[in-house]
Amino acid sequence: MLARLATQRACLDFAAARIAGLPGPVLELGLGKGRTYDRIRRIMPDRDIFVFDLDTHCPPALKPPSDTLFLGDFRDTLRAAVDRLGNVAALVHADIGSEDQARDAVLARDIGPLIGPLVRQGGLVLSDRQLPLSGDGWERLPLPQDAARTAWPYFIWARLH
Ligand SMILES: C[S@@+](CC[C@H](N)C(=O)[O-])C[C@H]1O[C@@H](n2cnc3c(N)ncnc32)[C@H](O)[C@@H]1O
């Protein structure tokens, strides 16, 4: 757990610095217990943050405002977000993993193509799972040093165009 949190902190800090000059909201896929949401709102206090999950099961203090919540299956809510927001996101953080690797692989395959249309040119996608973002227009970035040191798997892609 410490390695995971250290990796997420390093990757989110790296992303915040990298997108500093880029407008647009952050999309947090996987509110869970609200740990990474809390980090995002602390290090990017001026960004709008839209949050996705099946439901809210975080501590009350970490519950996002209801008008920023997309509740339901990612496969549905990401489609709704394209209609509502368009390709505006400066950062998507997809923290979607569970202990069921087969289930996670199917989810990653399904949501990869739904995430792309939400990200603006120059924007980043971070994830705890390998998403199918390797095609034209995407570049996989190396992890920042503090994340690489933990050896906890994490992935970063930049949208080139
Ligand atoms: C790893 S947890 C997120 C942890 C959170 N980022 C944190 O720091 O506490 C993954 C979350 O994804 C949500 N999730 C899993 N599959 C989903 C799906 N198909 N649609 C919407 N949410 C889903 C789960 O409910 C869970 O809260």
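Reply: In helix 4, the buried residues are Asp104, Leu107, Ala108, Ile111, Gly112, Leu114 and Ile115, where buried means under 20% relative accessible area, exposed means over 50% and partly exposed lies in between, computed with a 1.4 Å probe on protein chains only. The model is predicted, with local features requiring pLDDT of at least 70 and side-chain atom pairs counting only at pLDDT 80 or more, whereas totals for chains, interfaces and linings use all residues. Residues are numbered from 1 along each chain as its sequence is written, and side-chain values use heavy atoms, with hydrogens and water left out. Helices (H or I, at least four residues) and strands (E, at least two) are DSSP runs, numbered from the N terminus.

An α-helix has 3.6 residues a turn, so residues three or four places apart point the same way. Helix 4 covers residues 101-115, and its 15 residues reach 20 Å from the first C-alpha to the last, close to the 21 Å expected at 1.5 Å a residue; the expected span is 1.5 Å times one less than the number of residues. At the start of helix 4, a side-chain oxygen of aspartate 100 comes to within 3.2 Å of the backbone nitrogen of alanine 102.

The cover over the buried residues of helix 4 includes strand 1 (26-29), helix 3 (74-85), strand 4 (89-94) and strand 5 (119-127), contact being defined as heavy atoms within 4.5 Å. The axes of helix 3 and helix 4 come within 10 Å and cross at roughly 5°, the axes being lines fitted to C-alpha atoms, for helices over the stretch in contact, with angles running from 0 to 180 degrees between N-to-C directions. Helix 3 is therefore roughly parallel to helix 4, a term for angles under 35 degrees, while those over 145 count as roughly antiparallel, 65 to 115 as roughly perpendicular and the rest as oblique. Helix 3 contributes Phe74, Arg75, Leu78, Arg79 and Val82 to the contact, and helix 4 contributes Val106, Leu107, Asp110, Ile111, Leu114 and Ile115. These residues divide into 8 nonpolar, no polar and 3 charged, with Ala, Val, Leu, Ile, Met, Phe, Trp, Tyr, Cys and Pro counted as nonpolar, Asp, Glu, Lys and Arg as charged, and the others, Gly among them, as polar.

Threonine 77 is also found in helix 3, and it counts as buried because its relative accessibility is 7%. Leaving out residues up to four places away in sequence, threonine 77 touches Phe52, Phe70, Leu71 and Gly72.

Beyond helix 3, asparagine 87 lies in the loop that runs between helix 3 and strand 4, and with a relative accessible area of 46% asparagine 87 is partly exposed. Not counting residues up to four places away in sequence, asparagine 87 touches Pro117, Leu118, Val119 and Arg120. Asparagine 87 and glutamate 28 are 59 residues apart in sequence and 15 Å apart in space, C-alpha to C-alpha.

The buried residues of helix 1 are Thr7, Gln8, Ala10, Cys11, Leu12, Ala15 and Ala16.

How values were computed. Polar contact = N/O pair within 3.5 Å; in protein donor to acceptor, adjacent residues only side chain to side chain.
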